[in-house]
Amino acid sequence: TEECGYDGGDCVKFNEFITKHPDCDQGQVRAAWIGNGECQNNNLYNTEACGWDGGDCEDFDAVKYPNCTAWEKSNIGNGFCNGDIFNTVECGFDGGDCDE
């Protein structure tokens, strides 16, 4: 709130983000993680509603895996072969974690 100085300025960035992305689930995301330069590659942040984590995940989605339909993209390239839908051409064979 204005009376509280927008939490010493901590909320200004988040408020600007929510203005641009009103459909992002404000109750679930952490403001500090949005647009921080690191792709929070999960179903809370890496969504159209949240602006692909404030732009942090745009390269991951659009360039690396635009047609990947895996439900939890944070598992891609995590060092473990998750198989199934992750082990596809579209998901880069789990970001290289699985053999072709």
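Predicted model: local features only at pLDDT ≥ 70, side-chain atom pairs only at ≥ 80, totals over all residues.
The protein contains 5 helices and 0 strands, and its elements follow the order α-α-α-α-α along the sequence. Among contacts with a separation of 6 or more, 17% involve residues 24 or more positions apart.

The structure holds 4 disulfides, and, when bonded cysteines are counted along the chain, their pattern is 1-3, 2-4, 5-7, 6-8. One of them joins Cys-24 to Cys-50, with an S to S distance of 1.9 Å. Because Cys-24 and Cys-50 both lie in the loop between helix H2 (10-20) and helix H3 (51-54), the pair ties together parts that are 26 residues apart in sequence. The torsion about the S-S bond of this pair is about 90°, so the disulfide is right-handed, and both Cys-24 and Cys-50 are buried.

A disulfide also joins Cys-39 to Cys-57 (S to S 2.0 Å), linking the loop between H2 and H3 with the loop between H3 and helix H4 (58-64) across 18 residues. Its S-S torsion is about 105°, so this disulfide is right-handed. Cys-39 is partly exposed at 23% relative accessibility, whereas Cys-57 is buried at 0%.

The sulfur atoms of Cys-81 and Cys-98 lie 1.9 Å apart in a further disulfide, which is right-handed with 100° about the S-S bond. Cys-81 lies in the loop between H4 and helix H5 (92-95) and Cys-98 in the segment after H5, so parts 17 residues apart in sequence are tied together. Cys-81 is partly exposed, with a relative accessible area of 33%, whereas Cys-98 is buried, with a value of 6%.

Key:
Residues numbered from 1 in each chain as written. Heavy atoms only, no water. Helix = DSSP H or I, 4+ residues; strand = E, 2+ residues; numbered from the N terminus. Contact = heavy atoms within 4.5 Å. Disulfide = S-S within 2.5 Å. Buried < 20%, exposed > 50% of the residue type's maximum accessible area, 1.4 Å probe, protein only.
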